[in-house]
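This report goes through one protein model for a reader who has not seen it before. Please look over the sequence and the structure first.

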Amino acid sequence: MATALLRVALPLNPNPNADPKIHLGSAGAIRNPVPFLHPPPLRGLHRLSRPESLRLLRANAVDIGVPAGKPQQEAAKSSSVLLDVGGMICGACAARVRSILSADGRVESAVVNMLTETAAVRLGPGGLEDGDAGRVAEELAGRLTECGFPAKRRRSGMGVGENVRKWREMVERKEELLVRNRNRVAFAWTLVALCCGSHASHILHSLGIHVAHGSLWEILHNSYFKCGTAMVSLLGPGRDLLFDGFRAFAKGSPNMNSLVGFGSIAAFLLSAVSLLNPGLEWEASFFEEPIMLLGFVLLGRSLEERARLKASSDMNELLSLVSSESRLVITSSEEDPSSDNALNGDAISIEVPVDDVRVGDSILVLPGETIPVDGKVLGGRSVVDESMLTGESLPVFKERGLHVSAGTVNWDGPLRIEAATTGAMSTISKIIQMVEDAQAQEAPIQRLADSIAGPFVYSVMTLSAATFAFWYYIGSHIFPEVLFNDIAGPHGNSLLLSLKLSTDVLVVSCPCALGLATPTAILVGTSLGAKRGLLIRGGDVLERLAGIDVVALDKTGTLTEGRPVVMAVASLAYEESEILCLAAAVEKTTSHPIAKAIITKAELLNLELPSTKGQLTVPGFGTLAEIDGCLVAVGTMNWVHERFQNKASHAELMDLENRIACLSSTVTSSDHSTSIIFVGREGEGIIGAIAISDILRHDAKSTVDRLQERGIKTVLLSGDREEAVASVGKMVGIGHQNIKACLTPEQKSSIISSLQTEGHRVAMVGDGINDAPSLALADVGVALQIEAKDNAASDAASVILLGNRLGQIVDALSLAQATMAKVHQNLAWAVAYNIVAIPIAAGVLLPQFDFAMTPSLSGGLMALSSIFVVSNSLFLRLHGSFTKSENNL
């Protein structure tokens, strides 16, 4: 997964007012702890002159986010492409597509999803030597098309309109297929009624109802009429199924249709040979078997397609939240920018595609409409339904200056919005893209199913041939009594018995259930999670999340609200405003919540901040900058203390600590977490301290309690001072032995590694750049997304809590466990069904219990097996309803 690259540039700039530049970009996946700056290289500053110190600071401008030992250019060598692949009907098809793609030397790995009809292909380092990724993708798509799987490359970076159109076209195509299947099923079962109508008279007679035998009954009893009806069934509703099966077999990738086709044709040919050659005395006229077989298979396929379409309806519901049109507002340049009205009299509103909206444009959203872009409210007041983002059913009040997200619904009044992110970069577009990517990522357990489904069809065909050989050459002689069974015909024909049993083996097997077992559950689970404000990046993440037994929690912004405020300022020799002014100047380019609190306090006091240069942030410790020719440090006490040669005495530090603790304790309540930030200046050492208080999240204690009730160990990891961390840990109910304070990002990662070495499966929950290494290293990284903004934490995380509610971590664990339970149930059913049904179809019960299946019964069981798997996955929706109701309590 990608993490953010933070490049802090410290150029030699003679302009003292020049601000340092912070660039955000992509930089390869984090696989190892990130080499953040560590304090030791900076401790030597007190032995250097000031110019040497500044040169060292500039030399230590670093790239954060590049894996150790892996150059950035290597990370850019690999590329991924997405293909839309059709023609897949069972697990064997998906396995065949995967093998075709993997056979190409340029492909590093390939993941195939039969439900979403997509294939994600990762090209290796040598995959781009011959050309760009687009050309390679077109070649791979062409190769799949030649093998019977129509494929085309999906263009990346599609706009909102094109994305919505693509999904809706796929839904319409599937609905059209359902209509065709429904018509075929009606036709097939009409033929079943005609062919089996002759048995109706026997049933009526058994019920005491006597029907005269007229010309109609004689026609229905006629073997040539049954032969014609069977031929119509094969060439009519069953034609596509048969042709697809034979085509797949001819191209070396037999599928479920191949098995059904061979079984149907075998039954028809056997009956036809018996009918046209009465001298053989086979008495094997069972034309109703292929008709009933196709009827059951087509009925099952229709029900399965309906269930699969319903399984993807959560994604369709997400897409319904995407607005492809917007009202662009053009106002006069003389308009008062401070106006709070949604639309002024001289403004013009024009309907344009969302893809044409640019950052900074003004958009008008009327009541009842979906907000088309992410942005900030410029005018108007209303309430907005944000349930698609947060899972919270109560609407949220919006007015000037507040943030709104694309896909949320405006309820009451008109809103004028300034676009902040548009098109494919909007929140809802990212959610849809991430859900698509998640559904393309297979769970490790799926590989087991794929390894079985691939050779499954050939194995079944081999078993079918072995069944025929056994009963024809051996079984009928060892167990002669089996020839008295109805399946052997009225004259006990061993050839007829062997052919019917071998046909049963072909028809009863169900590779489709194996292929559907995992992806249907993953599809429902990830889509359901997205509707509940849980973005889960793939089936592999769900599988790891379901096995989590340790949850590590950050403090600031995770257990606390992440909106701290300055509560008190203390100094040894300066005015409080001077301390605050220096700290705000140093922190003005930092995005940490504590830095924002200091800057906000300085703005409220209307303090004039001095100019700075050479800022350097050391995550987990603090920030350095040059002010008026002197280095100023803001951060933890030990770190700031070690930055300077001239230091405050131990007694002075203790006095300062006691003073700031006394001031802060008088203004904070029991549900507040207080952190102390120290300020130091070159030549003086530590000169002041700032107490910053952050309120505990309302659901922090209940979340920890719920995790512990599930038997999950909770650990608190924080870079804050020990007293503040211990206070928060006590408030939420985490034992002191599981609380670690004063940690660097590397130390957090080390603790995660130690827990994993002990055999634990660890989830890390955090929200800041200092959490990014731990999030990437943990088995599952969970990030809280604040105000729908991406950051290094959300880039490195496997799960994103869009609702910014800590309690969602429990919902995510619950959903993952429920999803994996469905996967295991589906796989157990699919494997058990084939293990039990195939031997019975092969006649294992025939000698002892005189029981044998007919091809039509085998076809019905096969169809029910696939329907069971898909329907069982749909029961996850009941879990979703429970979660939603629980969230609304």
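Two strands are said to pair if DSSP finds at least two bridges between them. The model described here is predicted.

## The protein as a whole

The protein has 889 residues, and 55% of them are buried. Its secondary structure consists of 33 helices and 29 strands.

Among contacts with a separation of 6 or more, 73% are between residues 24 or more positions apart. The accessible surface amounts to about 36,900 Å². Carbon and sulfur atoms contribute 57% of that surface.

β11 pairs with two strands described here. With strand β16, residues 415–421, β11 runs antiparallel, and five bridges join them.

## A sheet of three strands

Three strands form an open sheet in the order β13-β12-β15, and their pairing is antiparallel. The edges are β13 (396–398) and β15 (409–410), each of which pairs on one side only.

Strand β12 covers residues 382–385 and is joined to β15 by two bridges in the antiparallel sense. Val384 has Asn410 in β15 as its bridge partner.

## Regions listed as transmembrane

Which residues does UniProt list under "transmembrane region"? The entry, which is unreviewed, gives residues 456–474, 827–846 and 858–876.

In the model, residues 456–474 are 100% helix and 0% strand, with the end C-alpha atoms 26 Å apart.

## One side of helix α19

Helix α19 is made up of residues 539–546, and its buried residues are Gly539, Val541, Leu542, Leu545 and Ala546. Around the axis these residues cover an arc of only 155 degrees, so they are on the same side of α19.

## Two residues with positive phi

Asp628 is not a glycine, yet its phi is positive, at about 55 degrees. Asp628 sits in the loop between β21 (622–627) and β22 (630–635). Is Asp628 buried or exposed? Its relative accessible area is 69%, and Asp628 is therefore exposed; the cut-off for exposed residues is over 50%.

Cys742, a residue other than glycine, also has a positive phi, near 55 degrees. Cys742 belongs to the loop between β26 (739–740) and α27 (745–757). The relative accessibility of Cys742 is 47%, so Cys742 counts as partly exposed. The partly exposed class lies between the cut-offs of under 20% for buried and over 50% for exposed residues.

Methods:
Residues are numbered from 1 along each chain as its sequence is written. This is a predicted model: local features need pLDDT of at least 70, side-chain atom pairs count only at pLDDT 80 or more; totals for chains, interfaces and linings use all residues. Side-chain values use heavy atoms; hydrogens and water are left out. Helices (H or I, at least four residues) and strands (E, at least two) are DSSP runs, numbered from the N terminus. UniProt positions are given in the numbering used here, feature names are shortened, and annotations may be inferred rather than shown by experiment. Buried means under 20% relative accessible area, exposed over 50%, partly exposed in between (1.4 Å probe, protein chains only). The arc is that of the directions from the helix axis to the C-beta atoms. Contact means heavy atoms within 4.5 Å. Accessible areas come from the Shrake-Rupley method with a 1.4 Å probe; for residues, only the protein chains shown count as cover.
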